[in-house]
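Welcome! Here is a short tour for anyone meeting this structure for the first time. Have a look at the sequence and the model below, and then read on.

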Amino acid sequence: MDTATAVPTAATALHDVLYPPATARLHDRWRDLVGTAEFAYPEGRSHSSRVERSYRLLRIVNDGLDDVPAFAADAEQLAMMHEWTAAADGGLTAVAGIHYNLFLGSLLDLEPGGSRDLDDFIALRRTGTFLCTERAHGNDAARMETTATRDASGFVLHTPHPSAAKFMPNTGPVGGPKSGLVAARLVMDGEDHGVHLFLTPLQDADGARPGVSVEVLPETFTGAVDHCATAFDHVRLPHDALVGPLPGNRTTGSGRQRFLRAIGRVTTGKLCMSACGVGAAKVAVTRAVHFAHVRETAGLAPGESVTLFEHRAHQTRLLDALATTYAVIALHRYSVRRWTEATDADRAEAERLVAITKGWTTWHGRAVVIECRERCGSRGVFRTNGFGDPMANLEGPVTAEGDNLVVWSKAAGELVLGRRTRTDRAATASLDDPDRLQDLLGAVEDGWHRRAGRRLRDRSARTPLQRWNNAVNPALALVEAHADRLAGEALLDMADAAGSPEAQAMLHHVHRLFALRRITAHAGQLLAAGHLTADQVEDLPDLCETAVVDLAPHTLPLVAAFGVDGSLAHPMH
């Protein structure tokens, strides 16, 4: 087909699938904001000045919001913000996610009556932080040791020893007055009532509050944020510092239930971290594809010049990154929809999907950025060209809201104990059929499910840890395969929703390359289980090559659909 003629129509139809009319205006607002001069790369600035910039950009964001509480309550809008800001400024993304989601979102969720005055936080006269993790307690935060002891005057917040200091951003003096939601064990009449949140002033205009000790930690290579260790020396808080009801009320539930309720916003945070992978991958692929189409190099004939994209080796890696990016977007959009529409009956399953998506999109998003950086050669190492910061900024999302490996391990245990996916199609069915490719992705998932379950039931393992260690690696492979299958299904759903035959065909090409790569990686497993014949396994490398060739003419409209323009897609220096 004539690519030059097809680009506007196909790209528009693809864009409408990625950004449906109901949300397109909101996406456009964030895209336009991060394309302004204030968000341009700050060449040559120190870490401290970049931290100050993160808070300055936060005020620009806040000034542009029509209804701050409504924004903080909307998981989909929060994810959009992370998607567009992550590639532009990771420091802003971190402080904004903490303020709007973890801080304001928790207050709105836990105290829905609206009795607390939030005006200072809505107007950003005070920035909100969220202090849960401690030096000695990260993924085991339920075992934290900070205490809030109730007495006649209120509560006394205390850090019993240095290992119990809160190990989270962003409590430093930069950014103006701050308050935090501090997770602490509520002690009443000598009895531990589990972890609750306490609204605690941390910094005023003239520095830290009495009894609040803030140690600014060394510079990280992630977004520019004031990472700190924060401790409390018998800090007195009023009765209304406790967020939510006192234990003893029948609605408060068990200690574990109260802890999970207190950190409930972490699930929305996982969606936001996932969106960081989406945004970074979109920008990286767009830049690398544009560069590959304008950068000329030697051909094979004497005196011949061709673009980088005309070399199959270069083209293949970019198209794999492009297909992965579309899969990342598709899975993330599906997860957002499942979470925002979840009922009480399917909330646990939706929460597990969000956790799986968080690991899948941030890991794959980071891999896409690394690949695209390499495809831009020496241009890719200049920070102003925009690869270094998104790559580094994804290190935070990989760890934040639960370390990816730990989060996946929990999901793995749930999947192993759940119902298996079954596939029944004949091994001779055509590999040209997208449904057949999905069946094969399901067969990979089913194979890992059976292996993990068998190893979990191995009676030679005596202790629970031994049994889990036997099963954990195939169980983690199961999580990956589960995400692959769901991403493939989401891609096909996007193709069905596309408003033009050209766009539908392009998305089927994307799905084909994505699915064939993952099937090829598990060809031996599929052959052994009878899902593929030896001839089909032999054909897989050629089928992948054909998928690359078929997808290549559509590369420009596929990246144009991302809508990455302005400073986000500036020419390389």
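## Charged pairs, a helix and a pocket

K166 is buried, since its relative accessible area is 0%. Please keep in mind as you read that this is a predicted model.

What does K166 pair with? K166 forms a salt bridge with E134, and the closest N and O atoms are 3.2 Å apart. E134 sits in the loop between β1 (127-131) and β2 (147-151), while K166 belongs to strand β4 (residues 166-169), so this pair ties together parts that are 32 residues apart in sequence. E134 is buried as well, with a relative accessible area of 1%, which is under the 20% cut-off for that word.

Another pair to find is R236 and D151, which form a salt bridge with the closest N and O atoms 3.0 Å apart. Here R236 lies in strand β10 (residues 235-237) and D151 in strand β2, so the bridge joins parts that are 85 residues apart in sequence. R236 is partly exposed, at 46% relative accessible area, and D151 is partly exposed too, at 30%.

E111 counts as buried, with 17% relative accessibility.

| Salt bridge | N to O distance |
|---|---|
| R236 and D151 | 3.0 Å |
| E134 and K166 | 3.2 Å |

How many salt bridges does a search of the whole structure find? The search finds 26. Salt bridges can also link up into a network, as they do for D28, R31 and D32.

Now let us turn to helix α10. This helix covers residues 312-340, 29 residues in total, and spans 42 Å from its first C-alpha to its last, close to the 42 Å expected at 1.5 Å a residue. Most of α10 is covered, with 22 of its 29 residues buried.

Two or more lining residues come from each of α1 (3-18), α2 (21-34), α5 (75-85), α10 and α16 (464-497). Which element gives the most to this lining? That is α10, with 8 residues. Sorted by class, the lining of the second largest pocket holds 13 nonpolar, 4 polar and 6 charged residues.

Technical notes. Residues numbered from 1 in each chain as written. Predicted model: local features only at pLDDT ≥ 70, side-chain atom pairs only at ≥ 80, totals over all residues. Heavy atoms only, no water. Salt bridge = Lys/Arg side-chain N within 4 Å of Asp/Glu carboxyl O. Buried < 20%, exposed > 50% of the residue type's maximum accessible area, 1.4 Å probe, protein only. Helix = DSSP H or I, 4+ residues; strand = E, 2+ residues; numbered from the N terminus. Expected span 1.5 Å × (residues − 1). Nonpolar A, V, L, I, M, F, W, Y, C, P; charged D, E, K, R; others polar.
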